[in-house]
Amino acid sequence: MAENGNHHLQSMLTSNELRLLIENERERADRNFGDFSLLTIDLKGFEKRSNEYRQLIKSINRRKRSLDRLGRLDKNCIGLLLPNTLKAGAQKLAHDLQIGHSNEKLSACISIYEYPQDWLKQTNESLAVMESDFECHIDSCPDEKSIDRLGGQNALGGLLSNLLLPPYSSPLPWWKRSLDILGSTVLLLVSFPLMALIAAYIKLVSPGPVFFKQKRIGYLGRPFVMWKFRTMRINAKVDSHQNHVSQLIHSDAAMTKLDEANDPRIIPLGRWLRSFCVDELPQLVNILRGEMSLIGPRPAMEYEIKEYQQWQKKRIEVVPGLTGLWQVNGKNKTTFKEMIRLDINYAKDFSAWLDMKIILKTLPVVLNQGKEAITKKS
């Protein structure tokens, strides 16, 4: 498209600039319980109608507010960020564009993405996550063809699923996944004798299965089954733990565990198994399956997520891990909000160097934690 010499076209934001503004706007909305919308226009076919394209941009600039931001999503799609705007306001703008453009119906597909919508939705007694925070609402598409949710098979699907994922959202990069596969494989081989002894001990002191399986919330809210060695008695009630977690979420108290108070649900030596974190070893299988990583925030429980504020849900925008920044920076001596902030910082800034630093710190932290547990017991 011939854009040279056109002030309106030259002033449009790039894709990266628009993405950054979307991220900043979401931060603001989460903190202030606000809202905003993103209007997107699919321009496939406009390459041969450059004059019509320029007229469209002029029309948008005449109608948008000073705080609205117009930018490119790619060469065939533009986006208009509308702060403090609900779906109804964005729909009115889309309608005005359609009826006011060149005195004829706009031959492009307009979609509106409103924030916030429910991130996690309760379906069939489990949490199902949308591919983004945005809910797609259709105003008009050529031939009345509908557009699916983000990530669906449509003209914008691949682009938007990448552009509009949560700000810190990132699947595992190749180096991190490679480290996970190599590290978990080596750890499984090295720790197999220890795991066999732990399994035999659990069978000896407590009737029931060796492993404890629990649904946890993983990357972008997707549920998965996490494995642990069972350290609690069969049919132990979880109400007390749920209440304990709820109190920690809504207070500034240190995140002490229930078993520090001689929790009667714990099997003999179970507290020591938990203190030295060896009950977590079966999660190496979760790592091999890609549900977890060696490094990342600990996967949360369903009832825990339900009590999160919107900004706190950012900790699930990265693949959960066996150990992480929180675990090597105070862990149970920190408050819930401090844990959340550490996990969000990791989600924003994780790197190979940071992962290696966390790995090197983990063993000394675990040994010291186990030593403290033995000291308290004695």
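Biologist: Which residues of H11 are buried?

Modeller: They are Phe336, Met339, Ile340, Leu342, Asp343, Ile344, Tyr346 and Ala347. Buried means under 20% relative accessible area, exposed means over 50%, and partly exposed is in between, with a 1.4 Å probe and protein chains only. Before we go on, this is a predicted model, in which local features need pLDDT of at least 70 and side-chain atom pairs count only at pLDDT 80 or more, while totals for chains, interfaces and linings use all residues. Residues are numbered from 1 along each chain as its sequence is written, and side-chain values use heavy atoms, with hydrogens and water left out.

Biologist: How far apart are the end C-alpha atoms of H11, and what should its residues span?

Modeller: Helix H11 covers residues 336–349, and its end C-alpha atoms are 20 Å apart. The expected span is 1.5 Å times one less than the number of residues. For the 14 residues of H11 that comes to 20 Å, so the two agree.

Biologist: How many helices and strands does the protein have?

Modeller: There are 12 helices and 11 strands. Both are DSSP runs numbered from the N terminus: helices are H or I with at least four residues, strands are E with at least two.

Biologist: And what share of the protein is buried?

Modeller: Of the 378 residues, 50% are buried. The protein exposes about 18,800 Å², with 56% of that supplied by carbon and sulfur atoms. Those areas come from the Shrake-Rupley method with a 1.4 Å probe, and for residues only the protein chains shown count as cover.

Biologist: What share of the contacts is between residues 24 or more positions apart?

Modeller: They account for 72% of the contacts with a separation of 6 or more. A contact means heavy atoms within 4.5 Å.

Biologist: Changing topic, how many salt bridges are there?

Modeller: The count is 12. A salt bridge is a side-chain nitrogen of Lys or Arg within 4 Å of a carboxyl oxygen of Asp or Glu. One of them joins aspartate 355 to lysine 176, where the closest N and O atoms are 2.6 Å apart.

Biologist: Which helices hold those two residues?

Modeller: Aspartate 355 is in helix H12 (residues 352–377) and lysine 176 is in helix H6, so the pair ties together parts that are 179 residues apart in sequence. Aspartate 355 counts as buried because its relative accessibility is 1%. Lysine 176 is also buried, at 0%.

Biologist: What does lysine 228 pair with?

Modeller: Lysine 228 makes a salt bridge with glutamate 280, at 3.8 Å from N to O. Lysine 228 lies in strand S9 (residues 223–229) and glutamate 280 in the loop between helix H8 (270–275) and helix H9 (283–288), so this pair ties together parts 52 residues apart in sequence. Both residues are buried. They also belong to a network of salt bridges linking Lys228, Asp279, Glu280 and Arg298.

Biologist: Take arginine 289, then: buried or exposed?

Modeller: Arginine 289 is exposed, because its relative accessible area is 57%. Its side chain meets glutamate 291 in a salt bridge, 3.0 Å from N to O. Glutamate 291 is buried, at 18%.

Biologist: Which residues form a nonpolar patch on the surface?

Modeller: Leu182, Val186 and Val190 do, with about 290 Å² of accessible area together. Patches are made of residues with over 30% relative accessible area and no salt bridge; like charges are joined within 9 Å and nonpolar side chains (Val, Leu, Ile, Met, Phe, Trp, Tyr) within 5 Å. Leucine 182 sits in helix H6 (residues 174–205) and counts as exposed, at 56% relative accessibility.

Biologist: What is the phi of leucine 269?

Modeller: About 65°, a positive value, although leucine 269 is not a glycine. Most residues other than glycine have a negative phi. Leucine 269 lies in the loop between helix H7 (239–249) and H8, and its relative accessible area of 46% makes it partly exposed. Cysteine 277 also has a positive phi, near 65°. That cysteine is in the loop between H8 and H9 and is partly exposed, at 21%.

Biologist: On cysteines, how many disulfides turn up?

Modeller: A search of the whole structure finds 0 disulfides, where a disulfide is a pair of cysteine sulfur atoms within 2.5 Å.

Biologist: Last one: how far is proline 171 from valine 318?

Modeller: They are 147 residues apart in sequence and 7.0 Å apart in space, C-alpha to C-alpha. Proline 171 is in the loop between helix H5 (157–163) and H6, and it is exposed, with a relative accessible area of 51%.
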